[in-house]
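Let's walk through this structure together, one stop at a time. Have the viewer ready, and turn the model as you read.

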Amino acid sequence: MAERGTTGREQGTDGDVTPSAADALAIIQQAQSHAASRLTPSIGVFYTIWGVVWVVIGLVWFLAGIDVVSPAASGWGTGVAVVAASVLSAVIGIRTGRGISGPSTRQGLWYGLSWPISMVLLGVLVGALGSTGVPGDTMAVVGPALYVFLAGALYMLSGAIWTSRVDYVLGIWIMVVAVVSMLVGLPASPLVIGLGGGGALLFAGVRALARRSAR
Amino acid sequence: MTAMPELDPVIHAQARLRVTASLASLCAGDKITFPRLQELLDMTAGNLSTHLRKLEDAGYVEITKAHQRRTPVTYVELTHRGRRAFEDYTAALRALLDPATAAAVAPREADDPDRSTAP
């Protein structure tokens with residue numbers, strides 16, 4: 001840390017520098033904002049990563065729906081985007097939390113795992129639903145809408161856990177997007193999800209990053 | 001400059017203040033490894049040890065040694081007493097700087113829109 005102003009400094013009996021009250025308060029603020037930026041992951045980064053993924057998924061499936069790209073290519077694109085973003089999110093989360101242990105680590109781990117666990121189980125559920133003879137076109141709207149709805153519910157819960165109004169509102173908004181995508185149907189439903197959900201995530205991400213860098 | 005008798009001398013020294021403030025930014029009950037704390041504060045190991053010992057002697061910091069896959073790890077955490085002392089110290093600073101409004105200053109626990117502090 002840079003040396004702060006020297007006005008009012010005294011030499012303590014133990015040879016350590018004793019700051020003035022104003023300097024002391026500034027030292028606290030600087031130390032704590034430094035610690036917060038190094039020890040807690042920037043939520044804006046997560047929003048942005050996943051916002052990009054949502055937009056990409058929405059666009060590739062919209063393009064598949066209007067026969068511009070093949071569904072297989074869209075499937076691969078979706079898989080690669082989700083895996084890459086998951087790995088990146090996990091790495092960022094683990095890196096920022098390294099060297100720290102205690103109640104918050106357990107909370108962070110359980111929270112982080114709740115996403116892949118519920119998403120994978122929903123995948124099984126959607127797969128089972130698909131095998132019951134539901135028409136393909138219906139499944140192409142219902143499946144994504146269920147995923148989006150679950151993501152919205154998880155965001156809303158995140159808001160409750162971390163007392164984040166942004167997460168809470170985002171969660172509600174994303175659930176609304178899921179419902180709207182169902183009402184709109186193909187071929188526009190992937191676009192509604194990509195732009196409505198992904199757009200909101202990108203907005204929240206850029207806003208959070210701007211605020212964090214302004215501090 | 002006038003003396004500030006109400007400020008806790010254990011905390012009121014630049015290096016220990018940085019150590020205490022950084023530890024206080026962790027969630028209550030969380031601990032941090034010595035190397036990560038050292039990296040965060042950019043202090044030498046010897047210097048950090050010296051200040052941690054003073055904080056430990058005052059009962060403000062607890063140092064525990066554990067083993068992770070046979071490698072010894074030293075953890076540092078602020079005790080309840082240390083956290084209380086830091087809060088009192090911060091309140092005393094505010095009172096010194098602005099006696100009129102100090103009472104009106106609420107603890108910093110605002111609705112944090114970007115979740116930058118841990119819960």
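The side chain of Thr79(B) makes a polar contact with the backbone oxygen of Gly59(B), at 2.7 Å; such a contact is a pair of N or O atoms within 3.5 Å, where within protein one must be able to donate a hydrogen and the other to accept it, and residues adjacent in sequence count only if both atoms are side-chain atoms. Thr79(B) sits in the loop between strand 3 (71-78) and helix 4 (80-97) of chain B. Helices (H or I, at least four residues) and strands (E, at least two) are DSSP runs, numbered from the N terminus. Because its relative accessibility is 16%, Thr79(B) counts as buried, with buried meaning under 20% relative accessible area, exposed over 50% and partly exposed in between (1.4 Å probe, protein chains only). Setting aside neighbours within four places in sequence, Thr79(B) touches Gly59(B), Tyr60(B), Val61(B) and Glu62(B), where contact means heavy atoms within 4.5 Å.

A word on the ground rules: this is a predicted model, in which local features need pLDDT of at least 70 and side-chain atom pairs count only at pLDDT 80 or more, while totals for chains, interfaces and linings use all residues. Residues are numbered from 1 along each chain as its sequence is written, chains are lettered from A and ligands numbered from 1 in the order in which they are written, and side-chain values use heavy atoms, with hydrogens and water left out.

Now step back to chain B as a whole. Its five helices and three strands follow the order α-β-α-α-β-β-α-α from the N terminus. Of the 119 residues in chain B, 46% are buried. Among contacts with a separation of 6 or more in chain B, 52% join residues 24 or more positions apart. An unreviewed UniProt entry places the feature "domain: Winged helix DNA-binding" at residues 22-96 of chain B; UniProt annotations may be inferred rather than shown by experiment, and positions are given in the numbering used here with feature names shortened. That stretch, residues 22-96 of chain B, is 55% helix and 25% strand, with its end C-alpha atoms 22 Å apart.

Over to chain A, where the domain assignment gives domain 1 (3-33) and domain 2 (42-213), with bounds that come from an automatic or database domain assignment. The C-alpha centres of these two domains of chain A are 46 Å apart.

Next come the aromatic rings. Rings of Phe, Tyr and Trp (its six-membered ring) pair if their centres lie within 6.5 Å; planes under 30 degrees apart count as stacked, over 60 as edge-to-face and the rest as tilted. The count is three aromatic pairs over all chains. In one of them, Tyr111(A) and Trp162(A) have ring centres 5.5 Å apart and planes at 90°, so the pair is edge-to-face. Tyr111(A) belongs to helix 4 (residues 103-130) of chain A and Trp162(A) to the loop between helix 5 (136-161) and helix 6 (165-184), 51 residues apart. Both Tyr111(A) and Trp162(A) are buried. Trp115(A) and Tyr155(A) also pair edge-to-face, 5.0 Å centre to centre with 70° between the planes. Ring pairs join Tyr47(A), Trp115(A) and Tyr155(A) into a cluster.

Finally, look at the backbone of chain A. Leu186(A) and Pro187(A) are joined by a cis peptide bond, with omega about 0°. Thr163(A), which is not a glycine, has a positive phi of about 40°, and Thr163(A) counts as exposed because its relative accessibility is 53%.
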